[in-house]
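Subject: Structure handover

Hello,

Here is the structure I said I would pass on. Please look through it first, then read the notes below.

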Amino acid sequence: MKKFYAPDVLDAFCQDPSTCKVTVLGSGNINDTYLVQAGSQSFVLQRINSDVFKEPLRVINNFQKVSNHLLQYNNRAGRQLQVAEPVLTTENCLYYRDDSGSFWRAQTYIKHKNYRVLTSSGQARQVGRVLASFHRRISELDVQGLHDPLPGFHYLPGYLQEYDNEMLKRPTGAVAAGEVQACMAAVERYRLQAATLENAKNSGILTLQPIHGDPKVDNFVFNDQGDVDGLIDLDTVAMGLVHYDLGDCLRSCCNRSGETGTDDVVDLFDMTFCRALLDGYFSGSAPLLTKEQCNYVFDGVLLICFELGLRFFTDHLRGNLYFKVQQDGDNLFKALRQFRLADAIAERELEIRKMVLDCGH
């Protein structure tokens, strides 16, 4: 991410821009995100990547709708769920559009510790509870006016078609490097399973509800004591399958090497963390999934790994047009890691399926 230099943007959000200190925040794959310290106040400033989010106003308006709903829920409920809320411009607008046409928005900064790898099963259990609480709360959202910020997001057959189209552009008889060949083999290994969740949805077994869309470990809010009490990054909230959320959460939280670590961890998918997270998720009094729907949780965690690997690999073949990279080969490396993690999960299929049923019912 480039160093921040946009004085007109600071003018839009700060009463006295001369007192504002701006630093890069996080290492997201899509948007440019900064922490602005204005005296005793801090807020998050973000330039929305319109190459990814084709309709930035959908993201901005969705965030206001979802955060308002969650904050109102907090006022009614006994337990609080930390959530960010919009910070308006000095002219009381939800966003500022600069001379280049980019959309900027701001939101409250929730001070928290950032974990990229969980350190205990207790944390995994808390993550599961917070995700379940989020799902219960967001299920009551009035979805009228909730726009799809990323059409086709988490539609695996669509990503597979994009990959196939990209492969058709490759010269006939072209020799692929070893890493590329490994990715191509992984795609064929899981191709026939790609439509599993979509088929279950179309048959009425799985149903749509509002989901987070990206509940990876670093989107959970950890307080100073290391406890989990919130969930951030609501840009991908939309109607979807809970199985994609639960699957992505398990994929991220049970991966002992982290999202960007090395591949020297022997046991990539931690089953102790998996059980703890599932225990936490299903610990509420009202069941979130039926027994039949529980049968698809394994497919959710396996296929979200496949989906991410497929998307990283396709973006590598296209020339890194979607995900941010420091250098060519980054997306290929990420794809290989996700495919390797998918293989580790596939090896535990029977154990994971039994574990889900034990925890869910």
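Before the details, some ground rules. This is a predicted model, in which local features need pLDDT of at least 70 and side-chain atom pairs count only at pLDDT 80 or more, while totals for chains, interfaces and linings use all residues. Residues are numbered from 1 along each chain as its sequence is written, and side-chain values use heavy atoms, with hydrogens and water left out.

Helices (H or I, at least four residues) and strands (E, at least two) are DSSP runs, numbered from the N terminus. Buried means under 20% relative accessible area, exposed over 50%, and partly exposed in between (1.4 Å probe, protein chains only).

H11 covers residues 330–346 and has 17 residues. From its first C-alpha to its last, H11 reaches 25 Å, close to the 24 Å expected at 1.5 Å a residue; the expected span is 1.5 Å times one less than the number of residues. Of the 17 residues, 12 are buried, so H11 is largely enclosed by the rest of the structure. Among the buried ones are Leu-332, Phe-339 and Ile-345.

**Aromatic pairs**

Rings of Phe, Tyr and Trp (its six-membered ring) pair if their centres lie within 6.5 Å; planes under 30 degrees apart count as stacked, over 60 as edge-to-face and the rest as tilted. The count comes to 9 aromatic pairs. In one of them, the rings of Tyr-190 and Phe-306 have centres 5.8 Å apart and planes at 50 degrees, so the pair is tilted. Tyr-190 lies in helix H5 and Phe-306 in helix H10, so this pair ties together parts 116 residues apart in sequence. Tyr-190 is buried at 5% relative accessible area, and Phe-306 is buried at 0%. Together with Phe-339, Tyr-190 and Phe-306 form one aromatic cluster.

**Arg-191**

Where is Arg-191 found? Arg-191 is in the loop between H5 and helix H6 (196–202). With a relative accessible area of 22%, Arg-191 is partly exposed. Contact means heavy atoms within 4.5 Å. Leaving aside neighbours within four places in sequence, Arg-191 is in contact with Leu-160, Tyr-163, Asp-164 and Phe-306.

Regards
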